[in-house]
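Please consult the structure while reading.

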Amino acid sequence: MNTITMLVGVMIAASMVSGVLYVAFGQITVRKLRKNPKTKGLLGVEYASGWDIINVAQAFSLPRSWTRKIEKSKFSFFYANATVLYENTTKFDQVLGFVFYWVLTTTGLSGALLVLLNYIGIFSE
């Protein structure tokens, strides 16, 4: 088994974990936030169905100083309002969102990097 095969296997496993976390976070946390009148309109722009799940997870993953700066900008409607979300969620919801977002982001960026390195010929024998 060569290196690229092992890395693709790890990527597939990480993608499956990311998918499971996406569904779990959406059903456990974001579903609750969608039903709450205080948070319903503060989940950010939904580019596609379910994009608000990623917006909420991103709000729990970025440093608070960054989310406060985003909330004050004129483009704040693109992002979920982290201050309101922290007030209406539990620590478990926040940790689940943090883990989901970073697994998703790491998997996506690693996949793109793997394709680029393979295209350059790093893995050629």
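The protein exposes about 8,000 Å², of which carbon and sulfur atoms supply 68%; accessible areas come from the Shrake-Rupley method with a 1.4 Å probe, and for residues only the protein chains shown count as cover. This is a predicted model, in which local features need pLDDT of at least 70 and side-chain atom pairs count only at pLDDT 80 or more, while totals for chains, interfaces and linings use all residues. Residues are numbered from 1 along each chain as its sequence is written, and side-chain values use heavy atoms, with hydrogens and water left out.

Student: Which pattern does the protein follow along the sequence?

Tutor: Helices (H or I, at least four residues) and strands (E, at least two) are DSSP runs, numbered from the N terminus. The protein has five helices and zero strands. Read along the sequence, the pattern is α-α-α-α-α.

Student: Is T29 buried or exposed?

Tutor: T29 is found in helix α1. Not counting residues up to four places away in sequence, T29 touches A24, T89 and D93, where contact means heavy atoms within 4.5 Å. Buried means under 20% relative accessible area, exposed over 50%, and partly exposed in between (1.4 Å probe, protein chains only). Because its relative accessible area is 0%, T29 is buried.

Student: What is the relative accessible area of L116?

Tutor: L116 lies in helix α5 (residues 91-120). Together with L113, Y119, I120 and I122, L116 makes a nonpolar surface patch of about 590 Å². L116 is partly exposed, because its relative accessible area is 44%.

Student: How far apart are the end C-alpha atoms of residues 99-122?

Tutor: The UniProt annotation "transmembrane region", from an unreviewed entry, covers residues 6-25 and 99-122; such annotations may be inferred rather than shown by experiment. Residues 6-25 are 100% helix and 0% strand, with end C-alpha atoms 28 Å apart. Over residues 99-122 the chain is 92% helix and 0% strand, and the end C-alpha atoms lie apart by 30 Å.

Methods:
Patches are made of residues with over 30% relative accessible area and no salt bridge: like charges are joined within 9 Å, nonpolar side chains (Val, Leu, Ile, Met, Phe, Trp, Tyr) within 5 Å. A salt bridge is a side-chain nitrogen of Lys or Arg within 4 Å of a carboxyl oxygen of Asp or Glu.
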